[in-house]
Amino acid sequence: VLALLVFYLLLVNLFAAVLYGVANQSSQDGAQCIDGWDYDGNVWGPRLNWEIAFSLSWTSFSSVGFGTISPGVAAGCYALRYGCMLVAFIGVVCGELSSAIFFAKFNRVLARAHVTFSS
């Protein structure tokens with residue numbers, strides 16, 4: 001269980017770094033690709049931008065869904081939308097695999113019959 005948690009956190013941080021880089025590149029090109037992003041950086045500083053990229057990453061990866069932070073619909077934001085789509089797909093696959101592993105381990109415990117026969 002701890003290994004799955006560490007794997008989950010590593011993937012979420014990796015995807016957050018990718019989304020952060022894509023959003024920063026898009027903002028330099030003039031497009032604002034994450035709705036809820038502080039593009040000026042003067043309200044709460046650049047730390048908020050990493051927090052927003054992390055929040056977008058885990059909501060996409062865990063398939064919770066978007067809240068106030070979501071991929072923008074501006075032109076030129078295709079890389080971020082495709083990135084979020086890929087993150088969500090990988091998150092669903094990882095969720096299915098971890099559920100299958102849990103079910104298999106749980107089923108193995110239940111499959112052992114503790115029956116004592118008398119002679």
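Colleague: Before we look at single residues, what makes a stretch of the chain count as a helix here?

Modeller: A helix is a DSSP run of H or I that is at least four residues in length, and helices are numbered from the N terminus. In this predicted model, the place of Leu10 is in helix α1, which covers residues 2-28.

Colleague: Why is Leu10 called exposed?

Modeller: The term exposed asks for a relative accessible area over 50%, and Leu10 has 58%, so Leu10 is exposed.

Colleague: What makes Leu2, Leu5, Val6, Leu9 and Leu10 a nonpolar patch?

Modeller: A patch takes residues with over 30% relative accessible area and no salt bridge, and nonpolar side chains are joined within 5 Å. Leu2, Leu5, Val6, Leu9 and Leu10 form such a patch on the surface, and together they have about 480 Å² of accessible area.

Colleague: What makes a group of residues a nonpolar core, and which residues form the largest one?

Modeller: The members must be buried residues of nonpolar kinds, among them Leu, Ile and Cys, joined through side-chain atoms within 4.5 Å. The largest core has 10 residues, namely Leu19, Ala23, Cys33, Ile34, Ile52, Leu56, Ile69, Cys77, Leu80 and Cys84. Helices α1, α2 and α3 (78-111) each supply at least two residues of this core. Apart from it lies another core, of 5 residues, including Leu11, Val12, Phe15 and Val87.

Colleague: Which residues does Cys84 touch, beyond those up to four places away in sequence?

Modeller: Cys84 touches Leu19, Leu56, Ser60 and Pro71.

Colleague: How does the protein look when it is taken as a whole?

Modeller: The secondary structure comes to 3 helices and 2 strands, which follow the pattern α-β-α-β-α along the sequence. Buried residues make up 27% of the 119 residues, and the protein exposes about 8200 Å², of which carbon and sulfur atoms supply 67%.

Technical notes: Residues are numbered from 1 along each chain as its sequence is written. This is a predicted model: local features need pLDDT of at least 70, side-chain atom pairs count only at pLDDT 80 or more; totals for chains, interfaces and linings use all residues. Side-chain values use heavy atoms; hydrogens and water are left out. Patches are made of residues with over 30% relative accessible area and no salt bridge: like charges are joined within 9 Å, nonpolar side chains (Val, Leu, Ile, Met, Phe, Trp, Tyr) within 5 Å. Accessible areas come from the Shrake-Rupley method with a 1.4 Å probe; for residues, only the protein chains shown count as cover. A salt bridge is a side-chain nitrogen of Lys or Arg within 4 Å of a carboxyl oxygen of Asp or Glu. Buried means under 20% relative accessible area, exposed over 50%, partly exposed in between (1.4 Å probe, protein chains only). Contact means heavy atoms within 4.5 Å.
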